Amino acid sequence: MTKDTKEIIIRTLLNIASENEKLTIEEISKRSHITRATIKRNFKAGVPAIVEYIYLNIVDEVNERLLQYKCEEVSLELLADILLPVLWQHKEEAHIIYSSQLPFRLIEPVSDRTWKWAEKRFNFLIKEHGLANYFTAQELLKYFNAQLITVLTLWLEADIPIHLDKFRPKFMFFMNASINQLIFKGIKKKT
């Protein structure tokens with residue numbers, strides 16, 4: 001399948017999802033004028049495979065920049081500087097993925113793509129915080145990614161997401177605040 005054909009399938013899926021229509025290979029085929037057999041040959045698992053392809057292309061673009069650093073060198077500020085511009089560039093696709101009813105697993109693909117890079121750091125964190133009896137390093141990475149995706153979803157599922165420059169301080173706030181602080185104790189202003 002040519003890149004153009006894949007792009008047509010992806011755009012068609014995103015258009016259907018944005019209309020909140022039922023997503024099927026038949027509907028994608030009808031609207032894109034690409035045969036069901038061609039779509040299925042390239043996306044064997046159907047609609048979920050197309051959605052995962054879109055999402056993992058965004059993840060891979062982030063990783064291309066992120067993996068230039070050692071995991072332990074990546075601060076939250078650097079993560080924001082790498083991640084937010086890529087998501088802003090793909091805000092339309094991300095908005096549809098985060099806000100529609102697309103069949104989609106957010107955490108596993110991200111954790112799988114970054115595990116080898118993050119393994120040493122997250123194994124260290126498990127030991128550092130005495131979590132070995134409770135969690136594995138991979139589970140801790142999934143927990144971090146779940147928090148990250150939750151914060152990004154708050155941003156990107158909005159009908160009109162605020163510009164990334166305005167979102168960055170909110171991203172930093174939510175990623176630095178614990179649920180305990182936010183909900184049960186409140187955030188105390190520094191004086």
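**A colleague's note on pockets, packing and a few residues**

1. A pocket here is an open set of points on a 1 Å grid over the protein atoms alone, with protein on both sides within 12 Å along at least five of seven lines, and lining residues have an atom within 4 Å of a point. Grid points are joined across faces, edges and corners, and a volume is the space filled by probe spheres set on the points. Of the 39 residues in the lining of this pocket, Leu79, Phe122, Leu141, Phe144 and Asn145 are the closest to its centre.

2. Before you go further, please keep in mind that this is a predicted model, in which local features need pLDDT of at least 70 and side-chain atom pairs count only at pLDDT 80 or more, while totals for chains, interfaces and linings use all residues. Residues are numbered from 1 along each chain as its sequence is written, and side-chain values use heavy atoms, with hydrogens and water left out.

3. Which elements give two or more residues to the lining of the largest pocket? They are helix 4, helix 5 (76–89), helix 7 (107–128), helix 8 (137–156) and helix 9 (164–176). Helices are DSSP runs of H or I with at least four residues, numbered from the N terminus. Helix 8 gives the most, with 10 residues. By class, the lining divides into 28 nonpolar, eight polar and three charged residues. Ala, Val, Leu, Ile, Met, Phe, Trp, Tyr, Cys and Pro count as nonpolar, Asp, Glu, Lys and Arg as charged, and the others, Gly among them, as polar.

4. Helix 8 also packs against helix 9, at an angle of about 145° and with the axes 10 Å apart. Axes are lines fitted to C-alpha atoms, for helices over the stretch in contact, and angles run from 0 to 180 degrees between N-to-C directions. On the helix 8 side, the contact is made by Phe144, Gln147, Leu148, Val151, Leu152 and Trp155, and on the helix 9 side by Leu164, Phe167, Phe171, Phe174 and Met175. Contact means heavy atoms within 4.5 Å. These residues are 10 nonpolar, one polar and no charged. Phe144 is worth a look on screen: it belongs to this contact and is also listed among the residues closest to the centre of the largest pocket.

5. The second largest pocket has a volume of about 220 Å³. It is lined by 13 residues, and Glu7, Ile10, Tyr53, Asn57 and Glu93 are the closest to its centre. Helix 1 (3–18) and helix 4 each give two or more residues to this lining, and the largest share, six residues, comes from helix 1. The classes here are five nonpolar, two polar and six charged.

6. Leu14 is found in helix 1. Is this residue buried or exposed? Leu14 counts as buried, because its relative accessibility is 2%; buried means under 20% relative accessible area, exposed over 50%, and partly exposed in between (1.4 Å probe, protein chains only). Leaving aside neighbours within four places in sequence, Leu14 is in contact with Ile54, Glu93 and Ile96. Leu14 and Ile96 are 82 residues apart in sequence, yet their C-alpha atoms are 6.8 Å apart in space.

7. A cavity is a set of points where a 1.4 Å probe fits but cannot get out. About 30 Å³ of space lies in the largest cavity, with Tyr55, Ile58, Leu87, Ala94, Ile97 and Tyr98 as its lining. Helix 4 (47–66) and helix 6 (91–99) are the elements that give two or more residues to this lining, and helix 6 has the largest share, three residues. The lining has six nonpolar, no polar and no charged residues.

8. Lastly, helix 2 (residues 25–32) has Ile25, Glu27, Ile28, Ser29 and Ser32 as its buried residues. Ser29 has a relative accessible area of 14%. Not counting residues up to four places away in sequence, Ser29 touches Ile34, Thr35, Arg36 and Ile39. His33 follows helix 2 and sits in the loop between helix 2 and helix 3 (36–42). His33 is exposed, with a relative accessible area of 72%. Its phi is positive, near 65°, in a residue other than glycine. Most residues other than glycine have a negative phi.
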